[in-house]
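Biologist: I have the structure open and would like to talk it through with you. Could you take my questions as they come?

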Amino acid sequence: MEKAEKKVTSAKVTEYEPDLSWNLWKVPPKGKDPGVPLEPEKRVKVEITWPDLETYELLIGHESTFASFHALTRRCATKISNFEVSGSAIATGAELVAVRVGRVNKVRELSLNIGSFIFKESLLDEEEEKN
């Protein structure tokens with residue numbers, strides 16, 4: 001009898017909208033001023049392809065949490081839309097993490113936000129599986 005191999009044909013993919021103030025507000029609320037929200041079509045959106053458990057464990061095995069978050073972003077942010085650095089579109093997590101010029105603070109903030117979201121949601125998945 002031939003042993004059938006199981007293959008995953010579709011990865012779990014999530015669209016994530018980073019909850020950073022510059023991605024939510026054109027003009028942030030201040031005092032009694034309600035602010036002006038950023039139009040949804042102009043917000044940064046990230047497509048996250050979730051890693052399997054073995055890959056996840058390899059990606060978070062860094063000395064620092066920041067390095068783990070950047071590794072998760074590099075590997076799992078498979079599509080980024082509406083984000084540019086110095087006029088060049090950034091399309092993937094690997095491109096985002098590789099940026100070394102331009103608006104580095106915003107790039108770093110986005111990379112850490114994506115990586116921490118992946119980390120936090122992965123921990124929730126593990127807890128759900130245990131219950």
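Biologist: What share of the contacts in the protein with a separation of 6 or more comes from residues 24 or more positions apart?
Modeller: Residues 24 or more positions apart account for 58% of those contacts, and please keep in mind throughout that this is a predicted model.

Biologist: Fine. How many helices and strands are there?
Modeller: There are 5 helices and 7 strands, and, read from the N terminus, the elements follow the order β-α-β-β-β-α-α-β-β-β-α-α.

Biologist: And what percentage of the residues is buried?
Modeller: Of the 131 residues in the protein, 31% count as buried; the protein exposes about 9,100 Å², with carbon and sulfur atoms supplying 53% of that area.

Biologist: Let's go to the sheet. What is the order of the strands in the open sheet of 3 strands?
Modeller: The order is E1-E4-E5, and the pairing is antiparallel. Strand E1 (13–16) and strand E5 (77–81) are the edge strands, each pairing on one side only, and neighbouring strands of this sheet are turned by 15° against each other on average, direction ignored.

Biologist: How many bridges join E4 to E5?
Modeller: Strand E4, which covers residues 45–49, is joined to E5 by 4 bridges, and the two run antiparallel. As for a residue pair, valine 46 has isoleucine 80 in E5 as its bridge partner. In general terms, the strands of a sheet pair through backbone hydrogen bonds, either parallel or antiparallel.

Biologist: Which helix lies across E4 and E5?
Modeller: That is H3, which runs at about 80° to E5. The helix has 12 residues (65–76), and at 1.5 Å a residue it should span 16 Å, which agrees with the 16 Å between its end C-alpha atoms.

Biologist: Which residues of H3 are buried?
Modeller: The buried residues of H3 are Ser68, Phe69, His70, Ala71, Leu72, Thr73 and Cys76.

Biologist: Take histidine 70 from that list. Why does it count as buried?
Modeller: Histidine 70 counts as buried because its relative accessible area is 16%, and the cut-off for buried is under 20%. Leaving aside neighbours within four places in sequence, histidine 70 is in contact with Val97, Arg108, Ser111 and Leu112.

Biologist: Now the core. How many residues are in the largest nonpolar core?
Modeller: The largest nonpolar core has 23 residues, and those with the most contacts inside it are Ile48, Phe83, Leu96 and Ile114. E4, helix H2 (53–59), H3, E5 and helix H5 (104–130) each supply at least two residues of this core, and H5 gives the most to it, with 5 residues.

Biologist: What is phenylalanine 83 in contact with?
Modeller: With neighbours within four places in sequence set aside, phenylalanine 83 is in contact with Trp22, Val44, Ser88, Ala89, Ile90, Leu96, Lys106, Val107 and Leu110.

Biologist: One more pair of residues, then. Which strand holds valine 36, and what does valine 36 touch?
Modeller: Valine 36 is found in strand E3, residues 36–37, and, not counting residues up to four places away in sequence, it touches Trp25, Lys26 and Val27. The C-alpha atoms of valine 36 and lysine 26 are separated by 5.5 Å, with the two residues 10 apart along the chain. Valine 36 counts as partly exposed, at 37% relative accessibility.

Key: Residues are numbered from 1 along each chain as its sequence is written. This is a predicted model: local features need pLDDT of at least 70, side-chain atom pairs count only at pLDDT 80 or more; totals for chains, interfaces and linings use all residues. Side-chain values use heavy atoms; hydrogens and water are left out. Buried means under 20% relative accessible area, exposed over 50%, partly exposed in between (1.4 Å probe, protein chains only). Contact means heavy atoms within 4.5 Å. Accessible areas come from the Shrake-Rupley method with a 1.4 Å probe; for residues, only the protein chains shown count as cover. The expected span of a helix is 1.5 Å times one less than its number of residues. Two strands pair if DSSP finds at least two bridges between them. Axes are lines fitted to C-alpha atoms, for helices over the stretch in contact, and angles run from 0 to 180 degrees between N-to-C directions. A nonpolar core is a set of buried Ala, Val, Leu, Ile, Met, Phe, Trp, Tyr and Cys residues joined through side-chain atoms within 4.5 Å.
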